[in-house]
2 protein chains.
Amino acid sequence: MTSTYLVEVIITNKKGVRDPEGETIHKHLILRKGYASVQSVRTGKYLLLSVNALSGEDAIRIVKELCEKLRIYNPVVHDIEVRLRG
Amino acid sequence: MTSTYLVEVIITNKKGVRDPEGETIHKHLILRKGYASVQSVRTGKYLLLSVNALSGEDAIRIVKELCEKLRIYNPVVHDIEVRLRG
């Protein structure tokens, strides 16, 4: 018996890789408008997949596998996080 | 005394608004490659802000306010979700 699980995928640049979009939002928008309590901004891509699977772990396994096999992200520059939507 | 909190912002198209990027990833990549257990894909934008605040709720309040005031998203077509990174 399978159920449907919502799986989130978050793709961000690796720590050592610059994030010009996040830097721009931070310096030229947020800080300029006076929100000095914001220390940094990192941007990323968000995917929400609805997956039929035997369990939550099985759903995560399927999504991790397809993200790698279909090159949804570039492992050289991106970090990927796959988790159930809680 | 303030602490630093990591706050996630997820910006997605509202349910009634189409998501051509997600539809393309689903139909022309994931299904074509045989992952029939995936029912749907929705895409979105992910932001991770590091914020100095008095509490987690205070950090969320600051981020919600700046997202609205600085038009980080378009309330006509986007849903926004602001949460502490757990």
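How many salt bridges does the rule find across the interface of chain A and chain B? In this predicted model, the answer is six. One of the pairs joining the two chains brings together the side chains of Arg85(B) and Glu81(A), with a nitrogen-to-oxygen distance of 2.8 Å. Polar contacts are also found between the chains: 18 residue pairs are counted between chain A and chain B, with both partners at pLDDT 80 or more.

On the chain A side, the residues that touch chain B are drawn from several elements. Strand 2 of chain A gives the most, with 15 residues. By class, this side of chain A divides into 16 nonpolar, eight polar and 10 charged residues.

Turning to the extent of the interface, 34 residues of chain A are in contact with 34 residues of chain B. The size of an interface is often given as the accessible area lost when the parts come together. For chain A and chain B, the buried area is about 2,900 Å², and carbon and sulfur atoms give 59% of it. Three residues of chain A stand out here: Tyr35(A), Tyr46(A) and Leu70(A) supply 21% of the area that chain A buries against chain B, more than any other three residues.

The pockets of the model also bring the two chains into view. The largest pocket has a volume of about 350 Å³ and a lining of 14 residues. Those nearest its centre are Leu48(A), Thr12(B), Asn13(B), Lys15(B) and Arg42(B). Two or more lining residues come from each of strand 2 (38–53) of chain A and, in chain B, strand 1 (3–13), strand 2 (38–53) and strand 3 (78–84). Sorted by class, the lining of the largest pocket has five nonpolar, four polar and five charged residues.

The second largest pocket has a volume of about 280 Å³. Chain A lines it with Ile10(A), Thr12(A), Asn13(A), Lys15(A), Arg42(A), Asp79(A), Ile80(A) and Glu81(A), while chain B lines it with Leu6(B), Tyr46(B), Leu48(B) and Arg85(B). By class, the lining of the second largest pocket has five nonpolar, two polar and five charged residues. Glu81(A) and Arg85(B), both part of this lining, are also the partners in the 2.8 Å salt bridge.

Note on methods:
Residues numbered from 1 in each chain as written. Chains lettered and ligands numbered in written order. Predicted model: local features only at pLDDT ≥ 70, side-chain atom pairs only at ≥ 80, totals over all residues. Heavy atoms only, no water. 1 Å grid on protein atoms, 1.4 Å probe; cavity = no way out; pocket = protein on both sides within 12 Å on 5 of 7 lines; lining within 4 Å. Points joined across faces, edges and corners; volume = space filled by probe spheres on them. Helix = DSSP H or I, 4+ residues; strand = E, 2+ residues; numbered from the N terminus. Nonpolar A, V, L, I, M, F, W, Y, C, P; charged D, E, K, R; others polar. Contact = heavy atoms within 4.5 Å. Buried area = accessible area lost by both parts, 1.4 Å probe. Salt bridge = Lys/Arg side-chain N within 4 Å of Asp/Glu carboxyl O. Polar contact = N/O pair within 3.5 Å; in protein donor to acceptor, adjacent residues only side chain to side chain.
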